[in-house]
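I opened the notebook to look up how two chains of a model meet, and I wanted the entries in a form that could be checked later.

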2 protein chains.
Amino acid sequence: MKTSAGPASFPANVTADDVAAAAGVSRWTVNRAFKKEASISPATREKVMTAARSLGYIPDLSAAALASARSNLVALLVDDFANPHKLVMLERLTRALRGRGWDTLLVNTLDRDDTAPALLNASQRRVDATILIGIQFDDEVLEAAHSARRFKKLIIFARTSENPDTISIAVDDVAATREIARYVTDRGYRRPLYVAGPRTVSAHLMRKETFLEFWRGRFGVEPDSVSVEAYDPILSAACSLELLETRPRSEHPDIIVCENDALALGVIDTIRHRLKLRVPEDIAVIGFDDVPQCESPNYRLTTYRQPLTEMANYLVDVLESTEAGNLDRTFEGQLIVRESA
Amino acid sequence: MKTSAGPASFPANVTADDVAAAAGVSRWTVNRAFKKEASISPATREKVMTAARSLGYIPDLSAAALASARSNLVALLVDDFANPHKLVMLERLTRALRGRGWDTLLVNTLDRDDTAPALLNASQRRVDATILIGIQFDDEVLEAAHSARRFKKLIIFARTSENPDTISIAVDDVAATREIARYVTDRGYRRPLYVAGPRTVSAHLMRKETFLEFWRGRFGVEPDSVSVEAYDPILSAACSLELLETRPRSEHPDIIVCENDALALGVIDTIRHRLKLRVPEDIAVIGFDDVPQCESPNYRLTTYRQPLTEMANYLVDVLESTEAGNLDRTFEGQLIVRESA
DNA sequence: ACGCCTTTTGCACGCGCGTGCAACACATTT
DNA sequence: AAATGTGTTGCACGCGCGTGCAAAAGGCGT
């Protein structure tokens with residue numbers, strides 16, 4: 001800092017010992033005063049807190065983490081910054097976590113091969129849990145996670161996984177997709193195209209599969225489908241353009257069902273601006289997630305909203321739980337009908 | 001985890017001592033093997049690394065942080081998740097940081113009064129620096145930061161600050177705004193409206209001020225301007241609608257210059273979809289940041305791109321620097337001309 | 001006022017590693 | 001062969017706090 005000559009000029013680190021001396025108690029009493037459910041008399045606590053305030057003391061979580069088995073720190077691994085929904089998830093998660101005393105280590109898994117190193121990285125900081133909210137993980141990566149030192153809970157957020165070593169907190173993709181499919185048929189659409197994201201080994205969303213299965217069961221035919229290599233509006237715009245412009249109008253789908261909004265936004269751009277067609281009159285579009293842009297007059301996207309706040313709160317419950325049982329849980333979301341379908 | 005009975009069944013924590021025993025050296029030699037510029041013979045290092053690999057050892061950064069004065073951890077305080085540019089910044093920053101061995105603590109400053117607590121929170125984790133990339137800080141907050149224990153570097157990213165106790169890494173707002181203003185006049189616009197974000201006590205962007213001053217100097221008149229209370233497209237859409245719909249067409253601006261893209265996107269939505277006017281023919285719009293949506297056919301926004309990667313890399317340079325001098329630095333960006341102005 | 005029970009307080013030890021220096025080994029020089 | 005220098009290795013101590021238990025203090029009834 002420019003106002004001071006160097007580290008030496010800062011007030012010396014004030015530790016619990018200093019506060020103890022000032023308050024006339026032992027160091028342990030000081031730390032106890034800062035613990036919620038500690039056995040300490042109100043008078044002593046007040047005395048300690050006063051001394052702490054005047055000295056500017058706050059407990060060192062880093063030392064606490066070393067001494068105890070808990071760090072109250074979680075790692076959040078993210079690999080997909082092109083999807084605007086990630087920003088929403090980051091907000092909800094960090095809000096829920098910080099509101100209940102947890103800190104968040106944001107780890108950018110830089111590329112496809114970086115997930116395992118990123119996991120190790122997190123474990124070096126003694127995190128109590130690692131949360132995956134991306135796509136680039138498969139069983140191999142999960143294996144790496146488990147061999148990582150001090151590995152504790154591995155939580156897969158907003159994505160279902162059947163891996164028994166992970167805790168999956170997600171919307172019920174099957175129920176949600178069935179609701180979407182029912183809506184699609186009820187509104188009379190009959191030639192759907194399903195636009196899916198990348199297909200990883202594990203942790204599938206089960207949305208595409210469910211939709212196709214529903215359609216087969218209902219109409220006996222397999223709908224068209226296509227995979228985009230990332231949940232990126234730019235890529236889905238390009239991909240859908242490539243697919244649609246080669247076809248005559250008569251072979252166009254009447255609705256495009258997208259695995260999520262990131263894909264749907266790109267698809268709408270293609271339909272409106274490249275093909276010069278109307279949404280929903282010529283081709284309807286439906287998404288998943290309810291990102292903020294859905295509300296925009298450019299999209300007015302019909303989509304399915306996940307109860308993110310509820311899910312984030314449950315995640316913290318999981319962190320604080322010591323139960324050994326299966327903590328997987330799915331949530332019910334809500335179909336948000338706008339004008340795009 | 002479901003496959004194991006509990007924490008006890010995990011392989012015991014393997015520490016440097018274990019590796020030392022396996023490799024037949026002292027613990028200190030083991031840790032040295034993991035340090036880049038340590039004085040150790042290649043043969044010994046190889047021996048240690050082999051033992052470490054077979055035991056699955058990796059150094060504990062948490063303990064290292066406690067023992068030394070460095071943690072290689074920074075806190076990133078964010079308060080404005082409505083602005084899509086934040087996601088881009090998060091990506092670039094975490095990429096630059098992690099690429100050079102730094103971990104990132106993401107701290108959501110939940111509301112206006114939470115900035116100071118968030119700062120304290122960060123200091124509890126022994127971060128080597130705190131980076132502010134939001135808006136809700138004023139001199140009072142910075143003061144709080146400085147009285148926080150173990151406070152080191154306070155970096156203001158993507159925002160200029162003259163506070164001598166902070167390090168500001170930002171684009172040169174004055175030069176950038178002048179370039180924008182010159183472009184606006186060169187293209188013949190003469191009735192600009194400036195849409196600014198919230199005005200905080202310190203850390204102004206200097207964009208509004210520079211633009212108004214430029215215009216006064218050039219034409220002798222003060223352009224219209226308005227402030228939106230947050231960098232949120234929804235709010236700027238509402239705000240610009242309220243302003244414009246009360247005016248007759250003849251009193252509309254011919255261009256709306258926005259402090260950043262988040263505001264500009266909302267403004268375009270209002271012009272096109274609420275007022276049913278054309279961009280740029282009726283009203284042109286110009287932004288700042290170059291968020292991904294600028295590229296979308298819905299916006300095609302002319303804007304000013306900050307060299308975020310370069311700025312992020314410089315930020316890491318700052319973290320690794322021990323110089324006492326002024327580390328503030330501004331960068332030159334680039335005007336990206338699209339069709340909106 | 002005494003004994004018993006409950007609440008509150010104090011403490012030895014350890015979490016895993018870094019710092020700074022001392023000791024050591026080996027290669028080179030005279 | 002001894003002395004000098006360079007590179008390498010080992011170690012005492014401490015970072016700040018939590019755990020688990022023992023000691024002390026306070027409260028109650030008879």
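**Interface of chains A and B**

I began with the surfaces in contact (heavy atoms within 4.5 Å): 100% of the interface residues of chain A are also interface residues in chain B, so the copies meet through the same surface. I noted that this is a predicted model, in which local features need pLDDT of at least 70 and side-chain atom pairs count only at pLDDT 80 or more, while totals for chains, interfaces and linings use all residues. Residues are numbered from 1 along each chain as written, chains are lettered from A and ligands numbered from 1 in the order written, and side-chain values use heavy atoms, without hydrogens and water.

I looked up the extent next: chain A brings 65 residues and chain B 66 residues to the contact. The buried area (accessible area, 1.4 Å probe, that the two parts lose on being put together, summed over both) is about 6100 Å², with 53% of it from carbon and sulfur atoms.

Finally, I looked for salt bridges (a side-chain nitrogen of Lys or Arg within 4 Å of a carboxyl oxygen of Asp or Glu) and found six across the interface. Arg98(A) forms a salt bridge with Asp114(B), with the closest N and O atoms 2.3 Å apart.
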